[in-house]
Amino acid sequence: MIVEQIWTGNDFRNFHYLVVCPETGEAMAIDPYDYALCLSVAKDKGWDITQILNTHEHFDHIGGNEGLVKATGAKVLAHKNAKRSIKGMDRGLDAGDVIRVGRTVELLALDTPGHTMCHVCLLSKTESPSLFTGDTLFNAGVGHCKYGGHPRELFRTFESQLSKLDDNTAIYPGHEYISNNLRFTLDREPGNTRAATLLAEVEDQDLQNPLISTLALEKEINTFFRLQNPNIIANLRESFPDLPEDPDVETVFLKLRELRDSW
Ligand SMILES: [Zn+2]
Ligand SMILES: [Zn+2]
């Protein structure tokens, strides 16, 4: 499996991906908002885009569908309940569905509600797994729930699915937000030296060749995976005096999400 990460440089800071079968050159474009950019990368490399995968229905993820379908005839795949919001959807995905690209690539669809209620993440069935996370999990952060989502569902997705994946899973998010997210981590947990070191490393990173984090790294630097950390809880109790000394992980997640909304 070849993963081509494409930095758009647009105001939304989108990352697009081409997931390619090395044997046949068939490619699936993930969230190709800037479809012309995806097309030009595919053309340069000699790849054929035959499928489009939308992780969810927000316009900066689906806005390139029409142009890319016109140019390539690619089929559009998305969450099975996104039919009404994604025009021209060809295949609705359920949890556990397998998406094939060419002869060699298989990706597993995960039903991951929270950012919206029609969100899928894709997990590659490779020895060293890759996870395409859309707007569910970002480097050092999580998606907001302001436009069609629910924080409680997002917590459940993290708790019951994402946190259980292999630690060596590579994380490929839909947007580049790492520096700002690390600042939030440090705001909540000033003693997190791993986050501080990483922030210094990524602040001026080349976005054509950015850091690819893993789930293991996220568990060190992403506040939303650190729900039992005593410093995070102590700081949270300053913002929310009613919070018990030993709050459950769901409450911690929800309070962190609430703080992040206005941070
Ligand atoms: Zn979104
Ligand atoms: Zn987005």
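Residues count as buried under 20% relative accessible area, as exposed over 50%, and as partly exposed in between. With that in hand, welcome to this predicted model. Asp-187 is a handy example of the definition at work: its relative accessibility is 35%, so it counts as partly exposed.

**The zinc ion (ligand 1)**

- Four protein donors surround the zinc ion (ligand 1): His-56 through NE2, His-58 through ND1, His-115 through NE2 and Asp-135 through OD. These donors lie 2.1 to 2.3 Å from the ion.
- The angles that the four donor atoms subtend at the zinc ion (ligand 1) run from 91 to 166°, and the arrangement is therefore irregular.
- Along the chain, the donors of the zinc ion (ligand 1) are spaced H-x1-H-x56-H-x19-D.
- Are His-58 and Asp-135 buried or exposed? Both residues are buried.

**The zinc ion (ligand 2)**

- Which residues coordinate the zinc ion (ligand 2)? They are Asp-60 (OD), His-61 (NE2), Asp-135 (OD) and His-175 (NE2), at 2.0 to 2.7 Å.
- This site is irregular too, because its four donor atoms subtend angles of 82 to 164° around the zinc ion (ligand 2).
- The sequence spacing of the donors of the zinc ion (ligand 2) reads D-H-x73-D-x39-H.
- Asp-60 belongs to helix α2 (residues 59-62), whereas Asp-135 is in the loop between β10 (130-134) and β11 (137-138), so the pair ties together parts that are 75 residues apart in sequence.
- Asp-60 has a relative accessibility of 8%, so it counts as buried.

- Asp-135 bridges the zinc ion (ligand 1) and the zinc ion (ligand 2).
- With a relative accessibility of 4%, Asp-135 counts as buried.

**Salt bridges**

- Lys-45 pairs with Glu-4 in a salt bridge, and the closest N and O atoms are 3.8 Å apart. Lys-45 is in helix α1 (residues 35-45) and Glu-4 is in strand β1 (residues 2-7), so this pair ties together parts that are 41 residues apart in sequence. Lys-45 has 46% relative accessibility and so counts as partly exposed.
- Another salt bridge brings together the side chains of Glu-250 and Arg-152, at 2.8 Å from N to O. Glu-250 lies in helix α9 (residues 249-261) and Arg-152 in helix α4 (residues 151-160), so here the parts tied together are 98 residues apart in sequence. Arg-152 has a relative accessible area of 46%, which means that it is partly exposed.
- Asp-187, the example from the opening, forms a salt bridge with Arg-188, and the closest N and O atoms are 3.4 Å apart. Arg-188 has a relative accessible area of 9% and is therefore buried, whereas Asp-187 is partly exposed.

Note on methods: Residues numbered from 1 in each chain as written. Chains lettered and ligands numbered in written order. Predicted model: local features only at pLDDT ≥ 70, side-chain atom pairs only at ≥ 80, totals over all residues. Heavy atoms only, no water. Donors = N, O, S within 2.8 Å, 3.2 Å for Na, K, Ca; no water. Tetrahedral: all angles 85-135°; square planar, octahedral: opposite > 155°, others 65-115°. Helix = DSSP H or I, 4+ residues; strand = E, 2+ residues; numbered from the N terminus. Buried < 20%, exposed > 50% of the residue type's maximum accessible area, 1.4 Å probe, protein only. Salt bridge = Lys/Arg side-chain N within 4 Å of Asp/Glu carboxyl O.
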